[in-house]
Amino acid sequence: MKPLLNPIMPRLIHELQSAAQRLVTFTKESSINLSRTVLALMFLLLFSLSWMAPAPAYAQSATLTPRQVVEYALTLEKLEADFYRRAVAEAQTGRLTSAPDIAKAALVSYGQDEAQHVVDLSAVLKSIGGNPDSIQLPANPNYSAILGRDPFANPTDLLLAGQYVEDLGVAAYKGQVQNLLAAGEAGKVVLAGALAIHSVEARHAAGIRYLRQTLLGTNVRPWITDPKSVIYNENRSGSPIPFGSEAFDGYATESEVLALVKPILTTQQSNAAPSGESENAQTGTEVRGLW
């Protein structure tokens, strides 16, 4: 019943406030007992508050300006570009030289896409008064935080970590649509660019799943076959869409994304072991969205 009243709620509350003011004025001009007046005012106040529509759950997320959204996206894009740069280097002269050519070609192509995203988002950030050079990554990001081991040691772990990176990017872009829409005209240009990048990240995520399926025999498909395999695909309070099935892809707020990225954005220690010694491994915490 409450949603049906939402269109008339501002007028109803205004009428209640006016009634309260008239009651105070009348009390001052008459001999009515003050305690009775206070009780009446409390009733009106409680009544109006009980019918105020609750704020939707997603409104609790931080509200970012278009510039802050670009800075946030540029951080993730620089991280993705750096991830693929290291993967390509390993595929050309390092530990991944035995990887199939189709996988090497995909790494190069995806890395070029991410590098171009960095270039374009840097230009957008400059155009709205920001400084892309202020967005810096650690010299040696701790990518071992993703799996609890070095993801560049073999093709299996590289593709698994790559899927995590791409899925996180997809969820992150989608999580900022509401902020950009709320910004009105100022957010339109950024929104158009974000959506253009978002679909490419989704294609990367599907492509990596295809490589895992065809090259490694992993039980995945380019499309969603298990809702639990998608980062933040659960239903959220206040959402009219029944997330939580393979028919929908989830989104992540800034705070949710940063909580997952923060362990990566720490400088990897030189004595960090390649396997079993990361924070995730020590605590036994599952890495979200990996399977």
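Reader: What span is expected for the 20 residues of α7 at 1.5 Å a residue, and what does the helix reach?

Author: The expected span is 28 Å. In this predicted model, α7 reaches 29 Å from its first C-alpha to its last, close to that value.

Reader: What makes α7 count as largely enclosed by the rest of the structure?

Author: Buried means under 20% relative accessible area. In α7, 17 of the 20 residues are buried, so the helix is largely enclosed.

Reader: Which atoms pair up at the start of α7?

Author: A side-chain oxygen of Asn154 and the backbone nitrogen of Thr156. The oxygen reaches to within 3.2 Å of the nitrogen. The cut-off for a polar contact is 3.5 Å.

Reader: How do you know that the span of α5 agrees with its number of residues?

Author: Helix α5 holds 27 residues, 101-127. At 1.5 Å a residue they should span 39 Å. The end C-alpha atoms are 39 Å apart, so the two agree.

Reader: Which residues of α5 are buried, and what covers them?

Author: Among the buried ones are Ala103, Ala106, Leu107, Tyr110, Glu114 and His117. Their cover includes α4 (66-93), α7 (155-174) and α9 (185-216).

Reader: Where does a positive phi occur after α5?

Author: At Gly129, just after the helix, with phi about 90°.

Reader: How many helices and strands does the protein have?

Author: There are 11 helices and zero strands.

Definitions and conventions: Residues numbered from 1 in each chain as written. Predicted model: local features only at pLDDT ≥ 70, side-chain atom pairs only at ≥ 80, totals over all residues. Heavy atoms only, no water. Helix = DSSP H or I, 4+ residues; strand = E, 2+ residues; numbered from the N terminus. Expected span 1.5 Å × (residues − 1). Buried < 20%, exposed > 50% of the residue type's maximum accessible area, 1.4 Å probe, protein only. Contact = heavy atoms within 4.5 Å. Polar contact = N/O pair within 3.5 Å; in protein donor to acceptor, adjacent residues only side chain to side chain.
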